[in-house]
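Colleague: I'd like to learn how to read a protein model, one feature at a time. Can we go through one together?

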Amino acid sequence: MSVLPDPGASRAVLVGTSRYEHLEQLPAVSNNVQALADLLRGPLSLQLPARHVTAVENPGAAHAVVGELRQAAAEASDTLVVYFAGHGLVDAQDQLVLALPHTEFGRIETGLPYDWVRQVLLDSRAERHVVILDCCYSGLALGRMSAGTGLADQAAVEGSFLLAAAAETRTALAPVGETYTAFTGALLEALRQGIPGGPALVDLGTLYRHLRLTMEARGHPVPQARDRNSAARVALGRNHANLPAGPVSAAAAADAPAGEERPWPDPREIRTVTGFFIALADVRVVSGLTQKAVSERSAGRMTAGTVGRLLNRSDLPATWGTTAVYLSACGVPDEQITHWQATWQRLRTQSAPAQAASPAVARDGGSEKTRAWQRPVSAFRRRRDH
């Protein structure tokens with residue numbers, strides 16, 4: 001079963017070298033990095049908080065990249081995404097070196113050996129690692145994931161997945177005048193538009209197969225991949241080719257086929273409060289309903305404004321009732337609502353020690369927000385009682 005990472009517990013580091021002193025310029029790489037960063041932060045992909053996506057463009061030295069990777073690796077407990085676009089070179093030992101602005105042929109100390117990236121991932125506490133390499137000879141990195149000494153076999157509990165733009169003996173393609181490189185352009189297209197006829201979630205296995213077909217049909221170098229421990233089930237977003245074309249009204253939703261299966265977010269994969277609210281908002285996207293339609297389907301138990309306030313909270317509600325009403329109005333099955341409640345309770349229990357350790361925060365921010373939440377809940381109760 002495919003799974004979307006918890007945005008609050010995941011990180012992404014995107015590295016791109018577009019300007020070179022001694023190698024051919026790759027202006028499209030800058031567009032790659034910015035577009036992918038925007039995508040990972042936006043509703044078409046992982047919806048990572050802005051602070052969880054680090055873009056490193058034209059780094060001056062290898063240690064600058066490694067430093068950012070180490071910080072992200074220390075912070076991520078769910079999924080760590082690492083992306084590199086630029087020139088890839090081969091050293092005297094046939095090992096992959098990622099080229100930086102000052103890299104020169106024959107001087108390995110001026111580049112970033114892929115094994116350095118590998119070592120950071122080995123030290124990471126993230127359960128899952130996704131490595132995307134859009135560079136020449138990126139397939140060489142697959143050798144670092146071979147049995148016995150591989151990245152995926154050593155680095156992660158849930159697995160690691162490496163997606164490479166080209167085989168070890170092929171060069172990647174950066175068409176002159178194009179906005180993006182060929183590989184990243186196809187990747188962005190798949191995540192933005194979805195994969196017609198594909199599964200509800202664009203997991204890495206599905207994405208890889210789609211990219212192979214797409215690149216081969218276009219006459220471009222065919223990407224390579226390697227995964228371990230079911231890493232291919234990690235998703236980079238929902239399949240937007242399968243979602244409702246736009247928000248629908250409550251009346252239109254009532255006409256939908258009974259018992260229709262929908263790819264609801266799985267609350268059991270949520271680990272953070274941030275992830276809770278992003279997934280909660282995703283429920284409405286999957287339902288296809290407008291906020292007004294959700295209100296109408298709640299039989300008067302919540303207004304459209306209450307729906308908006310719920311989805312824009314930053315702290316967990318003190319009571320469960322309104323969240324349950326929202327989920328039910330969106331059409332989430334009762335069994336899944338039970339899982340949502342268990343997740344809400346787990347997160348509240350986890351956050352309780354932190355709140356107790358920070359009385360000033362609770363006094364200045366928490367209690368007032370709690371009172372603001374309790375007022376509409378009390379109002380609902382009064383209406384039901386009378």
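Colleague: How many residues does the largest nonpolar core have, and which have the most contacts inside it?

Modeller: A word on the source: this is a predicted model, where local features need pLDDT of at least 70, side-chain atom pairs count only at pLDDT 80 or more, and totals for chains, interfaces and linings use all residues. Residues are numbered from 1 along each chain as its sequence is written, and side-chain values use heavy atoms, with hydrogens and water left out. Now the idea: a nonpolar core is a set of buried Ala, Val, Leu, Ile, Met, Phe, Trp, Tyr and Cys residues joined through side-chain atoms within 4.5 Å. Buried means under 20% relative accessible area, exposed means over 50%, and partly exposed is in between (1.4 Å probe, protein chains only). Here the largest such core has 44 residues, and Leu14, Leu40, Ile132, Phe161 and Leu163 have the most contacts inside it.

Colleague: Which elements give two or more residues to this core?

Modeller: Helices (H or I, at least four residues) and strands (E, at least two) are DSSP runs, numbered from the N terminus. The strands that contribute are β1 (11-16), β3 (79-85), β7 (128-134) and β8 (159-164), and the helices are α1 (28-41), α5 (182-193) and α6 (204-217). Another core, of 30 residues, lies apart from it, with Val13, Val65, Leu80 and Phe84 among its members.

Colleague: Let's take α5. What span should its 12 residues have?

Modeller: The expected span of a helix is 1.5 Å times one less than its number of residues. For α5 that gives 16 Å, and its end C-alpha atoms are 16 Å apart, so the two agree.

Colleague: And is α5 mostly covered or mostly uncovered?

Modeller: Mostly covered, as nine of its 12 residues are buried. Those are Ala182, Phe183, Thr184, Gly185, Ala186, Leu187, Leu188, Ala190 and Leu191. Just after α5 comes Gly194, with a positive phi of about 85 degrees.

Colleague: Which residues are buried in α11?

Modeller: Thr322, Thr323, Ala324, Val325, Tyr326, Leu327, Ala329 and Cys330 are. That is eight of the 10 residues of α11 (residues 321-330), so the helix is largely enclosed by the rest of the structure.

Colleague: What lines the largest cavity?

Modeller: Its volume is about 60 Å³. Its lining includes Val15, Val65, Leu69, Tyr114 and Leu133. The elements that give two or more residues to that lining are α2 (62-75), β3 and α3 (114-123), and β3 has the largest share, three residues. For classes, Ala, Val, Leu, Ile, Met, Phe, Trp, Tyr, Cys and Pro count as nonpolar, Asp, Glu, Lys and Arg as charged, and the others, Gly among them, as polar. By class, this lining has 11 nonpolar, no polar and no charged residues.

Colleague: How much space lies in the second largest cavity?

Modeller: About 40 Å³. Leu14, Leu36, Val81, Leu187 and Leu236 are among the residues lining it, and α1, β3 and α5 each supply at least two. This lining has nine nonpolar, no polar and no charged residues.

Colleague: Last one: what does the side chain of Asn239 reach?

Modeller: A polar contact is a pair of N or O atoms within 3.5 Å; within protein, one must be able to donate a hydrogen and the other to accept it, and residues adjacent in sequence count only if both atoms are side-chain atoms. The side chain of Asn239 reaches the backbone oxygen of Pro199 at 2.9 Å. Asn239 sits in the loop between β11 (235-238) and α7 (250-254), and is buried, with a relative accessible area of 1%.

Definitions and conventions:
1 Å grid on protein atoms, 1.4 Å probe; cavity = no way out; pocket = protein on both sides within 12 Å on 5 of 7 lines; lining within 4 Å. Points joined across faces, edges and corners; volume = space filled by probe spheres on them.
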